[in-house]
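Student: I have a model open and would like to learn how to read a few of its features. Where do we start?

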Amino acid sequence: VQQTPSGGTKNIRQITLSSFTLLCHNPLKRTISIQRNLFLYAEAATTPSFSNNVRSVSSSATPTSTTNYNPDDHAYEIMRSETVYNRWRSIIQQRVKMPNELVVNYDIVDQKGVGAVLIIAWNSKTKTATLIKEYNPGCHKLLCGPAAGIIDADPSKHDSDPAVAAHYELEEECHLTGGTWHRLVTEAVAVPMDKYVKTEIVPYLVIDPIAVDDPRPLDLEEDIEILEGVSVSRILEMIYEGKMNLTGGWGCLLAIQKLRDLGEI
């Protein structure tokens, strides 16, 4: 989004800037000056229709770049990959030959399923989100965040489809269904959770889902509190105050930007 001389804004697909000031829309009113070349993209996202209560939004907008970067095109070779621990999560010892011929052993974390999804639910009338609060065993804390869950490969469940998994998780954890769905990353793209984690995530924004009277049950180990009516300013506070984990905060920031692009906020 670029400001016009009249004070309004306009969407642009790509601009290159040598120096600019980015105003962070948050309660702390921070201003960050950046002295570098940046590419800024505005992109719409798509997802296939799921049910009669769901409306999908599609767009042909595609980000462009001045470089031909392909993350799969590199000279790193996996020489051996062995699972040495396997329960809900797995530890994989992976031996990799580097471009300089050095051989390095890595410990890689994976989990059941074929990836994961997270879903930010938005109410266009109240201009608020529905999040959840749940126990995060890794840090031994109760943290807030969007609904999330793994993508199951079982044909009787998600059949490896992130859109199906996202609808199931929203119903289980937020007791919501339907609405207008936006995939917050490019179609067919899933984002790695961490440098040493194999799991890749697809984030979604859903606008105006409706309540479910008899939702799908939670998993036995899940203990979730539904948080309705959460404002954008409160979401940002949660992120700054460490009340949301990194993945949840990343998904919420993508959703906030999409809401701005849509004129919702």
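Student: Is cysteine 144 buried or exposed?

Tutor: This is a predicted model. In it, cysteine 144 has a relative accessible area of 14%. The cut-off for buried is under 20%, so cysteine 144 is buried.

Student: How many disulfides does the structure hold?

Tutor: A disulfide is a covalent bond between the sulfur atoms of two cysteines. The structure holds zero disulfides. For cysteine 144, the nearest cysteine sulfur belongs to cysteine 252 and is 9.7 Å away. The pairing criterion is a sulfur pair within 2.5 Å. Cysteine 252 is likewise in no disulfide, and it counts as buried at 1% relative accessibility.

Student: Which residues of helix α2 are buried?

Tutor: An α-helix has 3.6 residues a turn, so residues three or four places apart point the same way. Helix α2 spans residues 232–240, and its buried residues are Val232, Ile235, Leu236 and Met238. Seen down the axis of α2, they fall within an arc of 155°, so they line one face of the helix.

Student: What covers the buried residues of α2?

Tutor: The cover includes strands β11 (116–123), β12 (128–136), β13 (141–145) and β20 (224–230), together with helix α3 (246–261). Just after α2, glycine 242 takes a positive phi of about 70°.

Student: What does the side chain of glutamine 111 make a polar contact with?

Tutor: Its partner is the side chain of arginine 89, at 2.9 Å. Glutamine 111 lies in strand β10 (residues 103–111) and is buried, with a relative accessible area of 11%. Beyond its neighbours within four places in sequence, glutamine 111 is in contact with residues including Trp88, Ala116, Ile150 and Thr199.

Methods:
Residues numbered from 1 in each chain as written. Predicted model: local features only at pLDDT ≥ 70, side-chain atom pairs only at ≥ 80, totals over all residues. Heavy atoms only, no water. Buried < 20%, exposed > 50% of the residue type's maximum accessible area, 1.4 Å probe, protein only. Helix = DSSP H or I, 4+ residues; strand = E, 2+ residues; numbered from the N terminus. Arc of directions from axis to C-beta. Contact = heavy atoms within 4.5 Å. Polar contact = N/O pair within 3.5 Å; in protein donor to acceptor, adjacent residues only side chain to side chain.
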